[in-house]
Amino acid sequence: MIPVYPDTKVALKGKKGLVVGIANDQSIAWGCARAFRALGADLAVTYLNDRAKKHVEPLAQALEAPIFMPLDVMAEGQTEQVFERIAKEWGQLDFLLHSIAFSPKEALHGRVVDVGREGFLKTMDVSCWSFLRMAHLAEPLMKNGGTMFTMTYYGSQMVVENYNIMGVAKAALESAVRYAAAELGPKGIRVHAISPGPLATRAASGIPEFDELMDKAQSKAPSRSLVSIDDVGNATAFLALDGAKLITGGVLYIDGGYHIID
């Protein structure tokens, strides 16, 4: 039997997705949002705070996002408010993109063994637990199955200089993806960790000597090139398609093959 491939322009038509983590037009979440929208999906978009709103609002308008709300996962009740509005206005959710991480400067810039309890907990709260909380809230809205995405990095598996405590948080996040995939799989919900190569995003600017890390990735990756937010977006959007319904629980590396090189 010859497979029938969907029209790519409407492959996600009728699907509803939540995108968390757009900070500006250099954000990985923005690349993903554009790819989802190009395939016909309707998107809910969040922004961190009033300062971020002026950068994110024009992007949400470009996406024709009918839901645009503040979301600081450390602010009591804001996560729940976003999902309550989605439930009220859409009554469903087909995919979720979690593209946020945070570590206080004193925690991120120091040795892992020196990290204080407060810095460790805040790092894990934003970078890992917030994904599990969103997965919990999204589950009842994914009535016909769905897809959940979060962003990780190679520093979860290997010691990357200056990545420090964020590597520990990303390792926990990848484990959370596996357990969530096992628990939600019977309901037709897939869970993925996306691991892009180094990208010059606002979040990456907090990592010391990040330019050197990008140069190393470009020189050592088999492709000899850096990835773009559009590369990440296109690959992520593919996993939201019905054609990827049996892919779940893993880490998708979008790094030009850098992760296979010693």
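How far is the sulfur of Cys128 from the closest cysteine sulfur, and in which residue is that sulfur? The closest one sits in Cys32, 19 Å away, which is too far for a bond.

Hi everyone! Before we go on, a word about the model: it is predicted, so local features need pLDDT of at least 70 and side-chain atom pairs count only at pLDDT 80 or more, while totals for chains, interfaces and linings use all residues. Residues are numbered from 1 along each chain as its sequence is written, and side-chain values use heavy atoms, with hydrogens and water left out.

Back to the cysteines. A disulfide is a covalent bond between the sulfur atoms of two cysteines. Here, a disulfide means a pair of cysteine sulfur atoms within 2.5 Å. Searching the whole structure turns up zero disulfides. Cys32 is buried at 0% relative accessible area, and Cys128 is buried too, at 7%. (Buried means under 20% relative accessible area, exposed over 50%, and partly exposed in between, with a 1.4 Å probe and protein chains only.)

Now to the tyrosines. An unreviewed UniProt entry places the feature "active site" at Tyr153 and Tyr163. UniProt positions are given in the numbering used here, feature names are shortened, and annotations may be inferred rather than shown by experiment.

Where do we find Tyr153? Look in the loop between β5 (146-151) and α6 (165-184). Tyr163 lies in the loop between β5 and α6 as well. Helices (H or I, at least four residues) and strands (E, at least two) are DSSP runs, numbered from the N terminus.

Are these tyrosines buried or exposed? Tyr153 is buried at 9% relative accessible area, and Tyr163 is buried at 7%. Leaving aside residues up to four places away in sequence, Tyr153 touches several residues, including Tyr163, Lys170 and Glu174. Contact means heavy atoms within 4.5 Å.
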